[in-house]
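Please keep the sequence and the 3D view at hand.

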Amino acid sequence: MSPRDALRPGLYAITDPDLLPGDRLVPAVEAAIRGGAVLVQYRDKEATETERLARARDLVSLCTDNQVPLLINDDAALAKRVGAAGAHLGQEDGNLAEARSLLGPEAILGKTCHASLELARAARDAGADYLAFGRFFPSMTKPGAPAATPDILQRAQSLGLPLSAIGGVSLENAPLLIANGADLLAVIGGLFGTDDIEARARAFTDLFAKTTEQELS
Ligand SMILES: Cc1ncc(COP(=O)(O)OP(=O)(O)O)c(N)n1
Ligand SMILES: Cc1nc(C(=O)O)sc1CCOP(=O)(O)O
Ligand SMILES: [Mg+2]
């Protein structure tokens, strides 16, 4: 199965250098995977290039062993260099076509669309594999992120790609996002800011089954 085919609904675990400094990174991501995370993103705006390379390599090794795709935030070139499954690109992080030609047809490429259906259409047309919306709730990790409301998830259903929701996602507000159509819950603080990461990841994962069951009943 190619990494793109492996994209399935669930918890999208995004790392943070303040919450997971140094040696804490790999065990924390390992715990998130044990708890059911279906996708991991290495996001680190603080480390040196050498540190980023080493940490990305460690995570590729962990994620490959566990058959969970690892995406690199902001940096398709680093994704290529370490053999990651793909990259997540914001509006200022370079274009999807270039990333696709660098990483190949099987790579997973995500694009930030904030709260805009227009940006989402453009991302789909440029070859994105999932569309990322947010921030839905106030975020301690990125306080300045522009706000989105859950209805954007409903409106983006027609684009036919998996939808990711980010920004202040917690166990309490996640059901609302899933009910509005989020396929992936992208979480930093609500996951890695807790003592028991595995249990928290499992609780997020369980929400997907519960919300689907409720929709069916
Ligand atoms: C899954 C996901 N969604 C959104 C973002 C934000 O990307 P971007 O707008 O480029 O902001 P930074 O993360 O680079 O600060 C993301 N990384 N992942
Ligand atoms: C990295 C990021 N991007 C956002 C966006 O809205 O694009 S919000 C955000 C931070 C998400 O972290 P937390 O789960 O701790 O709120
Ligand atoms: Mg970015």
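## Ligand shell

The model is predicted: local features need pLDDT of at least 70, side-chain atom pairs count only at pLDDT 80 or more, and totals for chains, interfaces and linings use all residues. Residues are numbered from 1 along each chain as its sequence is written, while chains are lettered from A and ligands numbered from 1 in the order in which they are written.

Helices (H or I, at least four residues) and strands (E, at least two) are DSSP runs, numbered from the N terminus.

## Strand 6 and its neighbours

Strand 6 pairs in parallel with strand 5 over three bridges. Strand 6 also pairs in parallel with strand 7, over four bridges. Pairing requires at least two bridges found by DSSP between the two strands. Thr-112 has Ala-132 as its bridge partner in strand 6. Leu-131 has Leu-163 as its partner in strand 7.

Strand 5, helix 5 (residues 117-125) and strand 6 form a right-handed β-α-β unit. Right-handed means that, with the strands pointing away from the viewer, the path from the first strand over the helix to the second runs clockwise.

Why is strand 6 largely enclosed by the rest of the structure? Because five of its five residues are buried. Buried means 20 or more other C-beta atoms within 10 Å of the residue's own; 12 or fewer is exposed, and in between is partly exposed, with C-beta atoms placed from the backbone. Tyr-130, Ala-132 and Gly-134 cover one side, and Leu-131 and Phe-133 the other.

## Gly-134

Gly-134 belongs to strand 6. Gly-134 is buried, with 25 other C-beta atoms within 10 Å. Beyond four places in sequence, its contacts are Ala-145, Ala-148, Ala-165, Ile-166 and Gly-167. A contact is a pair of C-beta atoms, placed from the backbone, within 7 Å. The C-alpha atoms of Gly-134 and Ala-147 are 6.2 Å apart, across 13 residues of chain.

## The nonpolar core

A nonpolar core is a set of buried Ala, Val, Leu, Ile, Met, Phe, Trp, Tyr and Cys residues joined through C-beta atoms within 7 Å. The largest one has 69 residues, and Ala-13, Ala-165, Leu-185 and Val-187 touch the most other members. Helix 1 gives the most to this core: five residues.

Leaving out residues up to four places away in sequence, Ala-165 touches Phe-133, Gly-134, Phe-136, Leu-153, Leu-177, Ala-182, Leu-185 and Ala-186.

Strand 1 (residues 10-14) runs parallel to strand 2, joined by three bridges. Ile-14 is partnered by Gln-41 in strand 2. With helix 1 (residues 25-34) between them, these strands make a right-handed β-α-β unit.

Strand 2 pairs in parallel with strand 3 (residues 70-73), again over three bridges. Tyr-42 stands opposite Ile-72 in strand 3. Strand 2, helix 2 (residues 49-65) and strand 3 form a right-handed β-α-β unit.

In a regular strand the side chains alternate between the two faces of the sheet. In strand 2 (residues 39-42), Leu-39 and Gln-41 point one way, Val-40 and Tyr-42 the other, and all are buried.

Definitions and conventions: Contact = placed C-beta atoms within 7 Å.
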